[in-house]
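Hello,

Here is the structure for you to look through. Open it first, then read my notes below.

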Amino acid sequence: MKIIKSPDSMYADSSLVRGSGQTIGLVPTMGFFHEGHLSLMKKARKECDRVVVSLFVNPTQFGPGEDFEAYPRDFNRDCGMAEEVGVDVIFHPDPKNMYPQGFQTYVQVNQITKGLCGRSRPGHFMGVTTIVSKLLNVVTPDRAYFGKKDYQQFVVIKRMVSDLDIPVKIIGCPIVREKDGLAMSSRNTYLKPDQREAALSLLRALKAGKMMIKNGMNDPEKIVRAMNGIVVDSPPARVDYLEVVHPDDLLPLKRIEKRALLAGAIFVGKTRLIDNQIVSVS
Ligand code: AMP
């Protein structure tokens with residue numbers, strides 16, 4: 001497995017690979033790998049000749065007071081795990097190379113970044129779309145893999161790629177969970193044992209909402225109220241948001257007809273966790 005640090009070398013490596021007619025799959029990550037990350041790498045391994053994983057804790061997607069400095073990092077462990085699932089290249093750039101002095105160009109997707117996580121993390125998605133654009137330019141993949149745990153991110157990236165005519169196929173991958181159902185996240189390592197139970201209230205709330213819809217409830221307000229109640233009953237968990245939106249445009253639904261995305265974020269102590277469920281009404 002190659003480790004490439006400079007964007008120029010990454011571009012040159014990809015050019016050679018593409019020149020020989022091989023396809024490239026990119027898995028963008030911030031590292032501290034778990035099975036969620038590995039599932040994306042394994043899918044890319046099956047579908048592409050060359051698998052590139054970018055590992056970059058992107059400063060522009062963290063707001064003031066968020067956990068950029070504290071974000072867990074273990075480069076050697078990550079390299080071992082990636083190599084084991086057959087990754088060809090780890091692209092691990094230096095922040096100075098991604099955002100050199102004088103950097104002043106950002107990519108902004110407007111409407112679908114306003115709600116859900118975008119409301120509580122202003123500027124977050126601009127950081128995400130900017131870094132993903134840069135990674136797509138540098139790695140030039142045929143396919144790029146994103147987890148649906150970050151459902152809004154997945155929809156935002158698809159929108160950006162379509163709007164800017166970026167020649168890449170965006171692949172969404174299912175949420176990988178711990179045995180108890182908690183969505184895997186690098187941030188789960190922040191949770192103390194007593195916070196872990198409270199963290200599960202998010203999935204409990206989303207599943208209860210899903211069950212209400214399956215049982216015929218079509219009023220999002222009542223569902224949101226019930227979901228909020230479940231998290232409120234699980235201190236120290238606190239609701240950041242719990243919403244029922246359309247899975248394509250992420251706009252709040254007034255009434256549930258065919259499909260709905262139940263999405264939520266909670267704080268447990270300082271740790272912010274997200275999760276979601278898609279529901280189809282049969
Ligand atoms: P991150 O390193 O947290 O930025 O995540 C890198 C990629 O892995 C993103 O596309 C995430 O959506 C995806 N990912 C993170 N956690 C999970 C999970 N539990 N299941 C599936 N994909 C995930």
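Start with the cysteines. The sulfur of Cys48 has its closest cysteine sulfur in Cys173, 11 Å away, which is too far for a bond. Keep in mind that this is a predicted model. Cys117 also has its closest cysteine sulfur in Cys173, at 18 Å, so that pair is too far for a bond as well. A disulfide needs the two sulfur atoms within 2.5 Å. By this rule, the count is zero disulfides.

Are Cys48 and Cys117 buried or exposed? Cys48 counts as buried because its relative accessibility is 5%. Cys117 counts as buried too, at 8%.

Next, the sheet. Six strands make up an open sheet, with parallel pairing. Their order is E1-E4-E3-E2-E5-E6. Strand E1 (2-4) and strand E6 (169-173) are the edges, and each pairs on one side only. On average, neighbouring strands are turned by 25° against each other, direction ignored.

Look at one pair inside it. Strand E2 (residues 24-29) and strand E5 (residues 143-147) pair in the parallel sense over two bridges. Gly25 stands opposite Arg143 in E5. Helix H7 (residues 151-163) lies across E5 and E6, and runs at about 170° to E6.

Last, a loop. Gly65 sits between strand E3 (50-55) and helix H3 (75-84). Gly65 counts as exposed because its relative accessibility is 86%.

Best wishes

Methods: Residues are numbered from 1 along each chain as its sequence is written. This is a predicted model: local features need pLDDT of at least 70, side-chain atom pairs count only at pLDDT 80 or more; totals for chains, interfaces and linings use all residues. Side-chain values use heavy atoms; hydrogens and water are left out. Helices (H or I, at least four residues) and strands (E, at least two) are DSSP runs, numbered from the N terminus. Buried means under 20% relative accessible area, exposed over 50%, partly exposed in between (1.4 Å probe, protein chains only). Two strands pair if DSSP finds at least two bridges between them. Axes are lines fitted to C-alpha atoms, for helices over the stretch in contact, and angles run from 0 to 180 degrees between N-to-C directions. Contact means heavy atoms within 4.5 Å.
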